[in-house]
Amino acid sequence: MRTPFPGPMRWRGLSLAVTFRLGFRTVNRKTAPVTSRTPRDSRLRLVRPRPLAAAPRAVTQHHSRRPAPRPPEGTPPPAELARMARARLAGAARVARWADTALRPGRDGATAQGRGTLADATAEQAAADLGLTVAQARADWDTARLAGLVEVHGDSARPGWRLRAWNRDDSAVLRGWVALFDAWSLACPEPADREHAAVAEVVSAMPQVLSFLQLSAGPVPVEQLLDLLGQRVTELRTERCEVPYGPQPAPVEAPVHAVAEDADLAPLLDWALDALAYVGALTCADGQATLTPIGSWAVWVKLEQICVAAQSPAGNIEQNAEDMLRGCAQLRPNAARAEYRAWLAARTVGSAVTELLAAAGGEDALLRGLAFEALRVVGAAAEAEVRAAAEETPLRPYALLWLAEHDGTDPDDAHEVLTREEATWLWVDTAAAVADHGEAPLLVRHLESAVQPTIPALLDEVRAVGHPRTVQVLVALAAAHPDPALAKAVRRAAFHVHTGGS
């Protein structure tokens, strides 16, 4: 007797929604049962999928969750924040649109730009066409890159997805500005006469300075910020165990050394405040610094992400990538994405992406799929690493799907970028995740997501693709499937793979 589609069926470690999110079309297929009372079809053909409209809708699962936080009183609404972001990035958007039109392949004057920077001739052309100086054109171009309006791929650049959505999607605009805000230290050249280590310390200490500005909700004297910066830099050095050894100065000399240290930090604080003012996060006047409304909102968002992570029952913010993903495997997709954001907020992008890809390269296929879900939250900042991961066979299907969606392909159509072999590899990998962490009914249901029209065709291609978990997947599928004829065919295929036969 055929059982109805189970709706939001969950299994140990991965929900049905996440299973299909690993790269397959969300469709329902029914396999006609073969029993002793019905004629057997030697081809064991899978019937064609029903239209999506006919698929049952998942039932909303109600569970307690932390209420959505409200921004501080006085924070402008999102539409007003987006207007501020558009105003700050107007020049960058203008140059990005100009590049989209003037530098397309085949256009006169379209030349390769080394590492995505403007060549001299191109910068002069942009300045002439837009009525800017060459320096302004270069500055707007660099801002467009930092905001994701222009994406660099090797030695070439192309318009980013945010530019396409610029006039219609406020969230895309705000994300672009937040990307610029996160890259404030790149927006203005650092002081040439300062050591890189000292600059790095100031960059690491500035989040605490910005948090103090946000909590103050008003102008703060720069001298007070300098004192706070000095304290934070001292804490960072102490955490690195940079404690001076040998005879120490008398206590009465300590304030003198503290003043000297503040004097060393003062130029770096001025640079940091100038860079943050350049991106539009704060203003400086009369010896005082004040966060702009959009700057205050961005800092509040960062603080809220950390607070959410700190309140996570699983404590994911303290976990490495693999343990974090295992904890998130128990969550519904929306809750898992919130955990990914909180975990990412507590780390630099580069280290987080490296950790996630390392987890994806392990033996657990479940973590592979979840790692790329977390990388979708990272967004454009992970593109270079994901593109490199596409050269590794186990990660290639996941990376290609990630890149297709990043390039603007509808997630429901992203699977079309995969070859038949890549899609089959992904099918086996997802089946391995189901076999390791799931239940038999879900493994049987997974059979219906295969791209091959018949079971023999699927088994032939699964055997040819050479996935290391092929035997285990086929054995588990044969044990789980209620159709004796199909189970026998699958067991035979598993035996042939195991023995190396044909």
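**A walk through the predicted model**

The protein folds into 23 helices and seven strands. The model is a predicted one. Of its 502 residues, 43% count as buried. Among contacts with a separation of 6 or more, 68% join residues 24 or more positions apart. The accessible surface is about 25800 Å², and carbon and sulfur atoms hold 55% of that area.

Now the aromatic rings. The whole structure contains three aromatic pairs. One of them joins W184 and W271: the ring centres are 5.5 Å apart and the planes meet at 50 degrees, so the pair is tilted. W184 belongs to helix α8 (residues 184-187) and W271 to helix α11 (residues 254-279), so the pair ties together parts 87 residues apart in sequence. Both tryptophans, W184 and W271, are buried.

F372 and Y398 make a stacked pair, with 5.7 Å from centre to centre and 25 degrees between the planes. This pair also links distant parts of the chain. F372 sits in helix α16 (residues 365-378) and Y398 in helix α18 (residues 396-406), 26 residues apart. F372 has a relative accessible area of 1%, so it is buried. Y398 counts as buried too, because its relative accessibility is 3%.

A charged residue also meets a ring. R88 lies over the face of Y278, 4.7 Å from the ring centre.

Finally, turn to helix α21, residues 455-465. Its buried residues are I455, L458, L459, V462 and V465. Viewed down the axis of α21, these residues fall within an arc of 130 degrees, so they line one face of the helix. Just after α21 comes G466, with a positive phi of about 75 degrees.

Notes. Residues numbered from 1 in each chain as written. Predicted model: local features only at pLDDT ≥ 70, side-chain atom pairs only at ≥ 80, totals over all residues. Heavy atoms only, no water. Buried < 20%, exposed > 50% of the residue type's maximum accessible area, 1.4 Å probe, protein only. Helix = DSSP H or I, 4+ residues; strand = E, 2+ residues; numbered from the N terminus. Arc of directions from axis to C-beta. Contact = heavy atoms within 4.5 Å. Areas by Shrake-Rupley, 256 points an atom, 1.4 Å probe, with all protein chains shown as cover. Phe/Tyr/Trp six-rings, centres within 6.5 Å; stacked < 30°, edge-to-face > 60°. Lys NZ or Arg CZ within 6 Å of the ring centre and 35° of its normal.
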